[in-house]
Every structure is written in structure tokens, then in C-alpha cells.
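Colleague: Thanks for making time for this. Could you take me through the model, one question after another?

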Amino acid sequence: MIIPCSEKCIYEEEGLCTLTEITHSSGTPLKDCPYYKEKGKKKDEAPQ
Ligand code: SF4
């Protein structure tokens, strides 16, 4: 199961959620996503 997502989340990769175990979540995994983890704090991430 692939979930489109563009959050700055550690699980987000090229616009898709790589966390595939959230099948129990309903249709809005973004703002309400309990798995969201901000990845913007890594110094080695290129700014977008
Ligand atoms: S875990 Fe949630 S916030 Fe993070 S990429 Fe997946 S759907 Fe988006």
C-alpha cells in the first residue's frame, strides 16, 4: 500500500509515504497522521 504524502516527514520519500503499516488509518494520514516525524532537523538534508 502506497500513500501519497508530501509532508516533511522521515517516512516521506519522493512524495510517497514509505511507512506502509498504517493501514488502520483512515483517508487523511497527513495532518492527523500519528506517525508523522519531522525530518527537517537533520543537518545533512538538502533544503528544498
Ligand atoms: S508517516 Fe504520515 S506524515 Fe509521514 S510520510 Fe507517512 S503519511 Fe506522511
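Modeller: Gladly, and one term first: two residues are in contact if their C-beta atoms, placed from the backbone, lie within 7 Å. This is a predicted model, where local features need pLDDT of at least 70, side-chain atom pairs count only at pLDDT 80 or more, and totals for chains, interfaces and linings use all residues. Residues are numbered from 1 along each chain as its sequence is written.

Colleague: Which residues does L19 touch, not counting those up to four places away in sequence?
Modeller: L19 sits in the segment after β3; strands here are DSSP runs (E, at least two residues), helices are runs of H or I with at least four, and both are numbered from the N terminus. Y36 is 17 residues from L19 in sequence, at a C-alpha to C-alpha distance of 9.8 Å. With that neighbourhood in view, the residues touched by L19 are Y11 and Y35.

Colleague: Is L19 buried, exposed or partly exposed?
Modeller: The scale counts other C-beta atoms, placed from the backbone, within 10 Å of a residue's own: 20 or more is buried, 12 or fewer is exposed, and in between is partly exposed. L19 has 19 such atoms within 10 Å, so L19 is partly exposed.

Colleague: How many strands does the protein have, and what is their order in the sheet?
Modeller: There are 0 helices and 3 strands, so the run from the N terminus reads β-β-β. Two strands pair if DSSP finds at least two bridges between them. The pairing is antiparallel and the sheet is open, with the order β1-β3-β2.

Colleague: Which residue is the bridge partner of I3 in β3?
Modeller: β1 and β3 (residues 16–17) run antiparallel and are joined by 2 bridges. For I3, the partner in β3 is C17.

Colleague: Which residues come nearest to the ligand?
Modeller: There are 13 residues around the ligand, where near means a C-beta atom, placed from the backbone, within 6 Å. By class, 11 are nonpolar (Ala, Val, Leu, Ile, Met, Phe, Trp, Tyr, Cys and Pro), 2 are charged (Asp, Glu, Lys and Arg) and none are polar (the others, Gly among them). Those that come nearest are C5, C9, E12, C17 and C33.

Colleague: How many C-beta neighbours does C5 have inside 10 Å?
Modeller: C5 is in the loop between β1 (3–4) and β2 (12–13). L16 is 11 residues away along the chain, with 4.9 Å between the C-alpha atoms of C5 and L16. C5 counts as partly exposed because its number of C-beta neighbours inside 10 Å is 19.

Colleague: What is the phi of E14?
Modeller: E14 lies in the loop between β2 and β3, and E14 counts as exposed because it has 6 C-beta neighbours inside 10 Å. Most residues other than glycine have a negative phi. E14 is not a glycine, yet its phi is positive, at about 55°.

Colleague: What is the mean pLDDT of the protein?
Modeller: pLDDT is the predictor's confidence in each residue, from 0 to 100. Confidence is lowest in β1, with a mean of 84, and highest in β2, at 91. Across the protein, 56% of residues reach 70 or more, and the mean pLDDT is 73.
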